Each structure stands twice: as C-alpha cells, then as structure tokens.
Amino acid sequence: MSSLQRTRPGSRGIWRDKLLRDVLSIAAAMAIVGASLGAIAVSKGIPLWMITLMGAVIFAGGSEFMAVGLMTAGAAPVTAVVGGLLLNARHLPFGLAIGDLFARGPLTRLVGSHLMVDESVAFALAQRDPAAKRRAYWLTGIALYCTWAPSIFVGGLLGQQVGDPDVFGLDAALPAALLALIVPSLRDRPTLRAVAVGALVAVVSTPILPEGLPVMAALVGVAAALPLPRGRKGEEES
Amino acid sequence: MTMAVVLALAGGTYAMRLAGPLLRGRITISPRWERLMSIAAITLLGAFVVTSAVAEGGGFAGWARLAGVAVGGVLAWRRAPFVVVVLAAAVTTAGLRFLELAA
C-alpha cells in the first residue's frame, strides 16, 4: 500500500505538480464525456442507477457507449457483451507490460487491475523510473475512477441539458492526450517502426473487422521492432 | 439493457485486466521480453489513438477530429506542454465544426 501514499501531492500546492496537473486535465475531459454517456443512456430509457453502476463496475468508456448503443438499438445481449469484450481485449497485453507496477500484494493487484485504462497505462509508460511509473499509474487510475461514475450520474440527472461533447472537440482531445503521452517513446526507432506498422494495420482493417479487433491486430506491428539487442536465450517469435 | 449484460461485461473486462498481472507474478521475464512487451503496449495505444482519430463505428470520423488530433500530435512532437496539446486539439476540432469548415 506504500504506492498509494506516494500519490499525495507535495506541500507546494497541486498546481506545481506537473503530473497531477496533467491528470486533472484528462479527468476534466473524461467528466464531460461521462456526463454525455449518462445523458444519452437516460434519454434511451436506461435507469440512472444502472448506467452509474455500469461506470463503476466496467470502467471502460468505449465498451459502455457500445453496450448502450447496441442494446437500445435492439441488438442481442450477447452482441453487446462480445463486442464490449473485444474492445477491452487490449487490457490483457497492457497487464503483461505493466502488471508488475501493482502486483506487490494480492490487494494492490486486485484493486490496481480494476484501475487499468488507456490513460493510466499511458501515463505510467511515459515515466522513466519504476517509482514514478507506480505513482503515475495509481494517481491516474484513482483520479479517473473517482471521476467516471459520478460524472455519468450527474449527466444522467441533467439529461437533455448536457450538450454534445463533440461540439467542444473532446473526441479529438482524448486521442491527442494519449498521443502526447506516447510521443516520447516514439523517439526510439524500433518502437516507432512497431507503432507505424501497427497503426497502419489497424486503420486498414477498421472497415472490415468488428470494433476492437483492429487495435489488437496492430500487435503484428511489434515484429517491425525486431531485431532488438539479443537477450541471453535469443529465442525468436514465429 | 439488462443487468446480465452489465455483469458479464464487467466480469469479462476485469478478468482480462487481472490476467496480465497474475501471469507476471508467476513467471520471470527476460529484459528482452520486458522491452518487447512495453513496445507492444505502446503499439496498442498508438493504434487506439490512430483508429479513434480516423474512425467512428467502422466509418470515417470526419476531417475535424482528424485535424485536431494531428495538430495535437505535431505540438507533442515539438515538446509542447501536455495541457497545450490537449487544448489545441479540442480547440482545432471545435473551431472547424463551429465555422462549419469540417464535420
């Protein structure tokens, strides 16, 4: 639990803490997106308590929008579940990459896993040393978790008064934020090759594959990062 | 919308989130694999950024969003502060829509 205590800002005020400032700006954008999800869901007849609970127990925005859209359009429940799980499948490789940041004890592993979202992974990967990575992961995960379900609830209460978040350009702000977090890693050539090939594969396969799969298909791009400096065993993937 | 869908989605998503950390706790990983897995995570994030910049529900998301993310990307590459990147992306996209130059 020591990693939780390290998330406290210093006594010099939160606005001097760069990480905290960046995390809060993402949280503000997420709050508006959450509010719009709540408003949309309630307008389509989903009970407020259910959409709020969904935010707390699923905590993966894309799959929640997808489930609301599919279910209220009359799709079969199994479609909503399978579609949402495909969209969330990227969390498995995320956990393989950064799982040791919160795998110290059973409790931190159980809680830390639930806080795994694109933003917490990206903020963690953007830091240099393990202590900074841990702090970034917990801070982002906790901030976004504390924002997401409450903003869905408030949005659901406000209903029609919540405007379209696209008017504010938030649909561009959130990808741009993730991009800003991975840009420093892209200065490494093998990583840049992997991302370029992976992104191309994902975009080309988007019209033909179901949502979520194009992003997973991008993993073939990792082959473009090879050869890396060899480890002791030097096994090659096939 | 039923409770069963919410619970199935929540349970499945949590299982996928927990699988990585659980597996990591059981095996030792060479530095080379460590590096490859970080590259894989960055690749997934990169693909997620690009697909969400370009596409919405399998179709083209429109030039306004793409332009906003591109402006953000250029600023990030030139080491602009994070908040500037995020705001510039939002303002570009919102501005293009407001002026009805792009959807």
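This is a predicted model: local features need pLDDT of at least 70, side-chain atom pairs count only at pLDDT 80 or more; totals for chains, interfaces and linings use all residues.
Visitor: Before we start, what should I know about the numbering and the model?
Guide: Residues are numbered from 1 along each chain as its sequence is written, while chains are lettered from A and ligands numbered from 1 in the order in which they are written. Local features need pLDDT of at least 70, side-chain atom pairs count only at pLDDT 80 or more, totals for chains, interfaces and linings use all residues, and side-chain values use heavy atoms, with hydrogens and water left out.

Visitor: How many helices does chain A have?
Guide: Helices here are DSSP runs (H or I, at least four residues), strands are E runs of at least two, and both are numbered from the N terminus. Chain A has zero strands, and its helix count is twelve.

Visitor: What share of chain A counts as buried?
Guide: Buried means under 20% relative accessible area, exposed means over 50%, and partly exposed lies in between (1.4 Å probe, protein chains only). Of the 238 residues of chain A, the buried share is 53%.

Visitor: How far apart are the end C-alpha atoms of α4(A)?
Guide: The expected span is 1.5 Å times one less than the number of residues. Helix α4 of chain A covers residues 61-72, so its twelve residues should span 16 Å. The model agrees with that, as the end C-alpha atoms are apart by 17 Å.

Visitor: Are α2(A) and α4(A) roughly parallel or roughly antiparallel?
Guide: Axes are lines fitted to C-alpha atoms, for helices over the stretch in contact, and angles run from 0 to 180 degrees between N-to-C directions. Under 35 degrees counts as roughly parallel, over 145 as roughly antiparallel, 65 to 115 as roughly perpendicular, and the rest as oblique. These two pack at about 15° with axes 11 Å apart. That makes α2(A) and α4(A) roughly parallel.

Visitor: Which residues of α4(A) make the contact with α2(A)?
Guide: Contact means heavy atoms within 4.5 Å. On the α2(A) side, the contact is made by V33(A), S36(A), L37(A), I40(A) and A41(A). On the α4(A) side, the residues are E64(A), F65(A) and V68(A).

Visitor: Is α3(A) roughly parallel or roughly antiparallel to α9(A)?
Guide: Their axes come within 8 Å and cross at roughly 165°. That makes the pair roughly antiparallel.

Visitor: How many nonpolar residues are in the contact of α3(A) with α9(A)?
Guide: The residues that meet include L48(A) and I51(A) in α3(A) and W148(A) and F153(A) in α9(A). Ala, Val, Leu, Ile, Met, Phe, Trp, Tyr, Cys and Pro count as nonpolar, Asp, Glu, Lys and Arg as charged, and the others, Gly among them, as polar. In this contact there are no charged residues, three polar ones, and nonpolar ones numbering nine.

Visitor: Which residues of chain B are in contact with T191(A)?
Guide: T191(A) sits in helix α11 of chain A, and T191(A) is buried, with a relative accessible area of 5%. Leaving aside neighbours within four places in sequence, its contacts include S185(A). From chain B, T191(A) is in contact with R35(B), I39(B) and I42(B).
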